[in-house]
Amino acid sequence: MKPIKTKRQLRDELNQQVSEFLGHGGAVKEVPRGVSGRENAHGPLVSIFDGQGAEDRTPVPEVVAAIEARRKPQLPLHKSQRRPRPRKRVILDDFGQPLRWEWVEE
């Protein structure tokens, strides 16, 4: 597995390449701020997608209604068919003290 270079290593490597380029007679052109790289910067943006724009659509509610009518009705979700499990309920006396536990099916 190759070791991953840190940002500092990448920055140092880039600075070294730039200094080598300038040392061998290379020059950097300065471009004024705000200048675009497009040929016609004042014209509209060129679409990268080939094809046509949005198509005009005709609403057809009767066709949609026919398709919806043919659809199978979805069955309602039923709860489990299992019988409920018995639960333990406390029986209290007149003073609110627990007397006993009782199993109750609800």
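Visitor: Why is the charged end of lysine 88 said to sit over the ring of tryptophan 101?
Guide: In this predicted model, the charged end lies 5.1 Å from the ring centre. The cut-off is 6 Å, with a further limit of 35 degrees from the ring normal. The distance therefore meets the cut-off, and the contact is listed as a charge over a ring.

Visitor: What makes strands β1 and β2 a pair?
Guide: Pairing needs at least two bridges. Strand β1 (residues 87–92) and strand β2 (residues 98–104) have six bridges, in the antiparallel sense, so they count as paired.

Visitor: Which residues stand opposite each other in these strands?
Guide: Arginine 89 has glutamate 102 in β2 as its bridge partner, and lysine 88 stands opposite tryptophan 103.

Visitor: What is found between β1 and β2 in the hairpin?
Guide: Five residues lie between the strands, and glycine 96 takes a positive phi near 85°.

Visitor: Why are Leu14, Val18, Phe21, Leu22 and Val28 called a patch?
Guide: Patch members need over 30% relative accessible area, and nonpolar side chains are joined within 5 Å. These five residues are therefore grouped as a nonpolar surface patch, with about 470 Å² of accessible area together. Leucine 14 belongs to helix α1 (residues 7–23).

Visitor: How confident is the predictor in helix α1 and in helix α2?
Guide: Confidence is highest in α1, at 95, and lowest in α2 (residues 61–70), at a mean of 88. The chain averages a pLDDT of 84.

Methods. Residues numbered from 1 in each chain as written. Predicted model: local features only at pLDDT ≥ 70, side-chain atom pairs only at ≥ 80, totals over all residues. Heavy atoms only, no water. Patch = residues over 30% accessible without salt bridge, like charges linked within 9 Å, V, L, I, M, F, W, Y side chains within 5 Å. Areas by Shrake-Rupley, 256 points an atom, 1.4 Å probe, with all protein chains shown as cover. Salt bridge = Lys/Arg side-chain N within 4 Å of Asp/Glu carboxyl O. Helix = DSSP H or I, 4+ residues; strand = E, 2+ residues; numbered from the N terminus. pLDDT = per-residue confidence, 0-100.
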